Amino acid sequence: MMTPTFSFPFEPYEIQKKFMKELYFTIENKHCGIFESPTGTGKSLSICCSALQWLKDSNKKNVEKLTKEIDQIKLELANNADSNDWLQEEYDKIKKNQTLLNLQNQLDQIKKRELEFDELKKRVTKQCNNWNKNEHYFVKKEKETKTKSEDDLEEKENIDDQDLIVESIDNEEDESDSEEIIADNEATEDNNTKIYISSRTHSQLSQFVGEIKRTVFKDNTKVITLASRQHYCVNSDVNKLKNVNLINERCIDMQKSKNKSTSIAEEGKVLKRIKTKSCSACPYYNQNNIAKLKDQLLVGVLDMEDIIKCGKQLKACPYYASRMALNESEVVLISHAGIVSSGARSGISLKLQDNVLILDEAHGLTAALENAHSAPVSSKQLSSVKTFLEFYINKYTNRFSSRSLLQLNQLNFVIGKLLGFIRPKLFNNKKQESTIHTLEDFVIKLEIDHLNLRPLVEFSRNTRLAPKLHGFSLRYNQQELEAENNKQKCNKKASFKEFLSNMSKNKDGNDQLEQKPKEEATLQTETSAGSGLYAVMDFLEMLCDRSENGRVLAQVGETGLLKYLLLNPAEHFHQVVNQCRSVIVAGGTMEPVNEFLTLLTNNKSDAECVNVVKCEHVVSPDNVLGVCLSKGPSNVNLNFSYEKRKSTDLLKEVGCILRNVCAVVPHGVVCFLPSYSYEQKLYEHLNSTKVIDILSKKKNIFREPKSASEVDEVLQKYASAINSKESRTKGALLFSVVGGKLSEGLNFSDNLGRCVIVIGMPYPNIKSPELQEKMTFMNKRDPGTGTIYYENLCMKAVNQCIGRAVRHANDYACILLIDERYSRPQTISALPSFIQKSLMSNCTFGQTVGSIAKFFGKHKEKMAVQ
């Protein structure tokens, strides 16, 4: 097999050549792959160049193959020799003509697709040139449309609450959530091969967009970015709902007309049904504008911000434009969350069959699978749902069909059992108690094992109960509903005279209550009845399967919680692997490899179909200094286990170490600590002992914020303090948390990260029932794997911190690991290979400071010579 030629923006390193070649042939041979390439080695660019080169070569080979087969059949038909069996001869001729027609159609489709793409480019260029001329017209028209829609909504406001009533599914017209834009688009399905590139966050996907723009493929490759409505919605009336499920429902509501019962007899029977709009139409759901935005997505390589910006300019919905573009696209960028959940895949009609899937930042893939199936539901959510569901049933009892009423009561019964389990009335202990249950044991303890839960889930989803309950909770507050219920109870006990008297009062009061919408209604999110019911349905859906690999975690107490534990993620991920032509998992650190082998093979022994590729770092070993510090300045053994790390002696040692390190390390120092609570404890100690004052004379001090919105501001100030030539200090010190907002996905290259310090080993809480159950499950299947899993959780987090520094070939940094346990052979072997090459283990404090000073002194001389 010939070695492919890769078009790289510059002369690639040898490890990049190796990475691209191995990736290319892994896809070509229809194998799966585990690719490890240290952070800073150009992994994203290598993935783009290699995968896109394979795609173009594959398309070219396909055309050549079709052309060759067509020519061969034409030659056979032309040179058809006379045969004694004329019947067989005619049959063969007909069969060859049918094959020829089929092959010719395939070739024509490919050529047609290429011509249409060329015409599309010209059309989009023309649209962009004319856009400024028409912008004022579109804005004006949009405002008029919006005003008209609002007027229509006010005219058609349903004062009898019929929009809140669940109706019998048998009597409803087809209310499929499949939108006509998508349906029309999927009718013209495109069979071209696709490459799905997935990463953990949308910001990381934007980096792939930037890398594709650097390649030669940017002008002839159709690239789109898929995201949920929550990310793409540009309608402020919808995206302010915050909860993704409520946004989905509201969006669908704004697209279609529904059958609404508008005339009702006294006994609640429907007399007449007419068509009414359920809500005002979305101004961004315009098929012509969406089609124009789709064209722009396919022609230009746009990231999410660009797509949203174009959507606002064109008054078109980015969510539907990206979905409309899906079939014609060649490269699809999507987050891990959109891949690992079968519900998310089916929701956006993702077709993985015979296509290529590349998962970057795959070190968190297992956790993503577990989170996608965890279905947590809190006692607050259960309480909110139960309260409003009871009011909902009581208020509209006479207006439900008998079947709907039965299922509503059953659902209310189940929710009551769930709430009673995690918030029992006799529970007086303020401390939470956590227990683990198999699915069978759980439903038996709840006394709901006699119920078939799946029909309840299907009823809730098909009748769209959650958005109706959400609307009910916004229209009526709890106090009004309780007052109404109390009045009804009093009326039943009152005398006939009082009853007649109260009837007129209640009539006025009830009329006012029903017609008056809730004033100053605040949008509820986590504890709203609607979003709470979505969480309940997700949890009940997990109970339906009764999988042996599933457990239920129950936290009993005032802040109780129910959560589904997926103990074998490979079982669900294997559905993805089976569909794809090839699945590639890539990352900076892919140890332990066995974890990913299990995911790709579903615990089977067909590992020979998995290509494991490990690339070295581009940086020279001389540019990295790794130190395992085992003894502190006072010759104290440094062991930051959970029981010991808060001792005054160890806190003093840390203060002394930081003072000395900051004195010899230039520019930026990033110090990672095991938890936020320990970071707070250490900072308070350093502040009380005046160590912070001493450090502040050498470095500007920054701390990782707990709020994600403040991260960018802190990073900007940190970078400014390091790069400022007027500053009196010599750089900055940033206190961060392992597994926090700064430990993944950020780039502390060059002066921003000359030294990365990791204090202690961030083991997860071994007493966690969730972790214990997972380890027990793994040990039963393969003795010892549970303990290895526990160790790997710690080292994965450490390696992510280490990967923040040394981002390119000429970068240099010191990695200081402060804990005697880092010097254990099994721990050293779990560190990145480029650290191991220059690692000094079991170091004393004197050795450490001396080595660090010598390391930076050498690089200072090298920079001076250059």
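A: A salt bridge here is a side-chain nitrogen of Lys or Arg within 4 Å of a carboxyl oxygen of Asp or Glu. This is a predicted model, so local features need pLDDT of at least 70 and side-chain atom pairs count only at pLDDT 80 or more, while totals for chains, interfaces and linings use all residues. Residues are numbered from 1 along each chain as its sequence is written, and side-chain values use heavy atoms, with hydrogens and water left out.

Q: OK, how many salt bridges by that rule?
A: The count is 26.

Q: What about Glu595 and Lys796, how far apart are N and O?
A: 2.8 Å in that salt bridge. Glu595 is in helix 24 (residues 593-601) and Lys796 in helix 30 (residues 785-802), so the pair ties together parts 201 residues apart in sequence. Helices are DSSP runs (H or I, at least four residues), numbered from the N terminus.

Q: Is Glu595 buried or exposed?
A: Buried, at 17% relative accessibility. Buried means under 20% relative accessible area, exposed over 50%, partly exposed in between (1.4 Å probe, protein chains only). Lys796 is also at 17% and counts as buried.

Q: Switching topic: what does Val414 touch?
A: Beyond neighbours within four places in sequence, Val414 contacts (heavy atoms within 4.5 Å) Ile448, Leu451, Leu453, Leu456 and Leu540. Val414 sits in helix 16 (residues 402-422) and is buried, with 0% relative accessible area.

Terms used. Helices (H or I, at least four residues) and strands (E, at least two) are DSSP runs, numbered from the N terminus.
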